[in-house]
Amino acid sequence: MADKKSSPRPARAPRQRKSSAASRRGFVATSVATATVLGGALARSQVVTPSPLFPVLKHPDSPMPIALGDLTAIVDPLLNEQIPRWVDPIIFPAWLPPMSVGKLPAKYTSAVGNVHHGVAPEWFNHPSDWDRFPVQYYELHQMAGSYPFLPSSMRIPRTNFWGYVGRLANGTYLPGGLPPSFRFRIGQPALVRVVNDLPEEMSLHMHGGHWPAHSDGHPNFLVLPGRARDYYFPNIVPRVQGGNQVGSAFDYTESVSNMWYHDHAIHLTAAHVQRGCGGGYAPTLDDLEIGLIRSGVLPGIRGVSDVGPEYRNPYDLPLVIRDDIFDVRGQLLYDSDGHNGYLGNVARVNGLAYPYMNVEARKYRFRVLAASNARIWRLRLSDNSSFLRLGKDAWLFPKPQETQSFLAGPATRADIVIDFSKYRPGTVIYLENILPQEDPRGPDNKLEDVNGTVVSGTPAYRHRILKFVVGPRNTRFPDASVNLNSSLRPHTPIPASAVTARRTFSFERKNGMWAINGQFYDAGLANAIMRVDAVEEWVLKNGGGGWWHPIHIHLESHVQVANLQTGQPIPYHDSFKSDTTMLGPGSEIVIRLKLRTFPGPFVFHCHNVEHEDMDMMFQVDPRPTVTANRAPHQWFP
Ligand SMILES: [Cu+2]
């Protein structure tokens with residue numbers, strides 16, 4: 001631990017930047033706010049006694065351990081036009097195999113729960129029908145590394161980052177610059193031992209999941225430096241009737257397809273996500289979705305793209321999109337913009353700036369994740385052709401939607417299928433963003449004007465982020481059959497008659513910070529208390545100022561049922577299950593949700609992570625019995 005403890009130098013005032021280019025562009029290298037955040041966190045971390053169980057580790061892709069937070073040498077940012085395009089092929093996250101299945105890994109140093117932060121009580125006490133398949137055991141480390149994220153032709157130093165590294169059964173670590181990809185199966189529990197090899201407190205949120213409160217990445221249920229927490233992911237769906245009675249039917253309309261993971265540490269989420277602790281990808285399969293792949297409806301290789309250790313699906317791939325600022329040394333720069341939101345000037349797809357991808361002339365499924373801190377994207381193909389959208393956030397739609405574009409704010413997922421078979425080999429197509437945004441407040445549009453499926457005319461703003469080069473199709477594997485008539489995941493609406501309470505949450509600016517109903521986040525206060533299994537209707541209201549707020553609710557999916565601002569029907573792609581609902585200026589959207597299975601506390605918050613950190617976040621606390629106590633009814637430090 002000695003090298004790690006001594007390496008982060010105390011933050012000091014940044015040097016005056018030499019060039020005026022940076023300030024002209026408006027994405028300034030650093031700020032007092034940044035220095036305060038980093039300095040405070042480092043100071044706190046120094047009093048933590050590291051556990052002897054988990055010595056600091058060297059990232060497998062790094063020449064040496066690296067400490068970030070070095071603000072002693074501030075240099076100019078790279079301008080967007082200094083980044084060459086389409087130099088390197090796209091990379092994809094490596095799939096992390098479990099260290100063992102059904103038995104404790106030989107390389108675990110202690111039994112489940114026998115780590116500093118323990119394990120969820122549900123690990124020891126849950127209904128027997130949760131476990132259809134044996135437990136998959138993993139170990140995930142949060143550590144510093146470096147990787148060549150900028151185009152190789154720039155001959156620039158590798159970019160330092162903080163990220164996630166998976167451990168393998170033999171005790172070695174999975175190399176690579178991207179967070180490894182978990183692949184979960186509904187009915188198969190996972191136990192992920194998360195070890196913090198970084199000098200700040202961390203919290204891991206598996207976004208889109210239905211988890212015990214201990215394992216949900218609550219911002220105060222941390223993994224302290226040198227410590228570990230056993231995250232228990234039961235990978236179950238809630239029951240149709242609620243409750244936890246063995247044999248009571250599961251609600252498979254709630255099965256998730258697209259989860260992702262990122263940091264959620266109190267007041268540090270934005271800085272951690274920007275350094276690389278975000279954008280981890282966790283596709284999840286249930287019997288229905290496995291059936292769609294096996295029968296050739298969804299892209300895959302029959303007999304191979306199935307569950308099991310050999311799983312491989314070259315036609316079903318993640319595209320994790322974010323925007324960042326790099327300096328002329330190739331290092332990430334961070335500016336929270338006074339906690340308004342970090343906007344980058346360089347688009348990255350799966351970590352790389354402006355990569356290209358060779359595709360076959362066939363259908364590809366892309367699970368697109370907007371993993372930006374604050375940027376809102378509207379993505380389309382450069383020829384404005386239509387493609388299919390299969391789902392939003394974690395869930396598949398009942399049937400695909402034909403679309404020419406989709407809106408994706410922070411944390412939004414769009415599950416899409418692009419059919420490249422209509423192009424001749426050699427054709428070049430780009431994925432491009434057509435939504436300009438210069439201000440963290442949001443785009444200069446109404447939400448309704450940019451959330452449509454049709455793009456008419458030529459957009460004034462076109463930022464190409466990924467180049468597709470179409471090649472011939474490998475005829476060994478048949479193309480997928482998915483089309484507008486394909487049945488995907490059934491959806492059962494929540495009837496108005498089931499609603500037992502209605503609440504209004506207004507997301508607003510207050511004293512230069514971010515509040516809900518006039519209150520800042522308070523870990524000691526449960527802001528919404530109800531019985532487990534309650535069905536509620538919430539009005540999510542934009543409190544004004546032209547700000548956009550993507551609102552993320554933990555624990556359960558929610559469904560948009562009315563738009564009180566426009567009175568218009570909810571568009572198809574927002575009509576089913578979501579975990580994040582976008583509020584544009586003036587938005588007032590009614591959602592319904594059932595809060596099943598797990599007692600709280602859970603959080604809900606704006607997913608502009610700078611807003612979340614300061615302090616637009618509330619706690620929802622479903623309880624076995626409603627009590628008058630306003631403090632969260634359980635707590636897991
Ligand atoms: Cu916000």
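Two strands count as paired when DSSP finds at least two bridges between them.

**Entry 1**

I am working with a predicted model. I began at the pair S28 and S29: strand S28 covers residues 558–563, and two bridges join S28 to S29 in the antiparallel sense. Which residue in S29 is the bridge partner of Val 559? I found Lys 577 there.

A reminder to myself: strands of a sheet pair through backbone hydrogen bonds, either parallel or antiparallel.

**Entry 1: the pair S27 and S30**

Next I looked at strand S27, residues 549–553, which pairs with S30 in the antiparallel sense over four bridges. Across that pair, His 552 stands opposite Thr 580 in S30.

Which way do the residues of S30 point? In this strand, residues 580–583, Thr 580 and Met 582 point one way, while Thr 581 and Leu 583 point the other way.

**Entry 2: the five-stranded sheet**

I moved on to an open sheet of five strands, ordered S14-S22-S21-S16-S19, again with mixed pairing. Strand S14 (356–360) and strand S19 (406–408) are the edge strands, each pairing on one side only. From one strand to the next, the twist averages 25°.

I zoomed in on strand S16, residues 377–381, which is joined to S19 by three bridges and runs antiparallel to it. Trp 377 stands opposite Ala 408 in S19. I marked Trp 377, as it comes back in the next entry.

**Entry 3: the nonpolar core**

Which residues touch the most other members of the largest nonpolar core? I got Ile 321, Val 368 and Ile 416, out of 150 residues in that core. The core draws at least three residues from each of domain 1 (316–390 + 397–471) and domain 2 (496–623). In soluble globular proteins, nonpolar side chains tend to be buried together.

I listed the contacts of Ile 321, leaving aside neighbours within four places in sequence: Ala 347, Val 349, Val 368, Leu 369, Ala 370, Ala 371, Trp 377 and Ile 465.

**Entry 4: Leu 317**

I found Leu 317 in strand S10, residues 316–326. Is Leu 317 buried or exposed? It counts as buried because it has 20 C-beta neighbours inside 10 Å, and 20 is the cut-off for that class.

Beyond four places in sequence, Leu 317 is in contact with Phe 92, Tyr 364 and Phe 366. I also checked Leu 317 against Arg 367: they are 50 residues apart in sequence, yet 6.1 Å apart in space, C-alpha to C-alpha.

Most residues other than glycine have a negative phi, and most peptide bonds are trans. I went looking for exceptions.

- The peptide bond from Gly 600 to Pro 601 is cis, with omega near 10°. Pro 601 is in the loop between strand S31 (588–595) and strand S32 (602–606).
- Met 614 and Asp 615 are joined by a cis peptide bond, with omega about 5°. Asp 615 lies in the loop between helix H7 (609–613) and strand S33 (617–623).
- Leu 555, in the loop between S27 and S28, has a positive phi near 80°. Leu 555 is buried, with 27 other C-beta atoms within 10 Å.
- Trp 86 has a positive phi of about 55°. Trp 86 is partly exposed, with 16 other C-beta atoms within 10 Å.

**Entry 5: the whole chain, and where I would read with care**

The protein has seven helices and 33 strands, and buried residues make up 52% of its 637 residues. Of the contacts with a separation of 6 or more, 80% are between residues 24 or more positions apart.

The mean pLDDT is 89, and 88% of residues reach 70 or more. Over residues 1–57 the pLDDT is below 50, and this stretch has 99 contacts in the model beyond near neighbours in sequence. Residues 63–72 are also below 50, with 29 such contacts.

Technical notes. Residues numbered from 1 in each chain as written. Core = buried A, V, L, I, M, F, W, Y, C linked by C-beta atoms within 7 Å. Buried ≥ 20, exposed ≤ 12 C-beta atoms within 10 Å, placed from the backbone. Domains from an automatic or database assignment. Contact = placed C-beta atoms within 7 Å. Axes fitted to C-alpha atoms, helices over the stretch in contact; angles between N-to-C directions. pLDDT = per-residue confidence, 0-100.
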